[in-house]
Amino acid sequence: LFPLRGLSGITFAGDQALIFSGEYRLPLVSNANRGIGTLPIFLNKMHMSFFVDGGDIRYRGSAFDFLGRVMVSAGTEIMGDFVLGYGLPLTARLGYGVILTNRSRINGLTDATTKASLDYGSVYLQIGTMF
């Protein structure tokens, strides 16, 4: 998986990857420990972040051309930690990212969910974390 925010799902494949990421987080809610009335849904914390992701994926043996292939995306997201049902901790994020460099590599590709062109970015919803 090439987890570059701004791409839809598994867009590219290979066996060697280079990935980098940077974020600036703004806290929105901290240690709320509150729910909605008596429903078993509790918000622990929530923040908004601005991000820049980058990287490339390639097959072993192909030529190494970092500047000619690296893709960089930028965007924003809202992320929160929740507790469901009195004991199931979840992390969820909702965001938008758009590819800024080497856009020719995504010509003609569409978002798997919305069927919109990836030229205009991608909206994503993730429940859980990769790590």
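Okay, let's start with a pair of residues: R5 is buried, and D53 is buried too; buried here means under 20% relative accessible area, exposed is over 50%, and partly exposed sits in between, with a 1.4 Å probe and protein chains only. For R5, the relative accessible area comes out at 11%.

Quick caveats before I go on. This is a predicted model, with local features needing pLDDT of at least 70 and side-chain atom pairs counting only at pLDDT 80 or more, while totals for chains, interfaces and linings use all residues. Side-chain values use heavy atoms, with hydrogens and water left out, and residues are numbered from 1 along each chain as its sequence is written.

So, what does R5 form with D53? A salt bridge, with the closest N and O atoms 2.7 Å apart; that term means a side-chain nitrogen of Lys or Arg within 4 Å of a carboxyl oxygen of Asp or Glu. The two sit 48 residues apart, R5 in the segment before β1 and D53 in strand β3, residues 41-58. Strands are DSSP runs of E, at least two residues, numbered from the N terminus.

R5 also meets E23 in a salt bridge, at 2.9 Å, N to O. E23 lies in strand β1 (16-29), so this pair ties together parts 18 residues apart in sequence. E23 is partly exposed, at 34%.

Next, D81 and K45: their side chains meet at 3.9 Å, N to O, in a salt bridge. D81 is in strand β4 (residues 71-84) and K45 in strand β3, so parts 36 residues apart get tied together. K45 is partly exposed, with 41% relative accessibility.

Zooming out, shared partners join R5, E23, R25, D53, E77 and R93 into one salt-bridge network. The whole structure has 9 salt bridges.

Definitions and conventions:
Helices (H or I, at least four residues) and strands (E, at least two) are DSSP runs, numbered from the N terminus.
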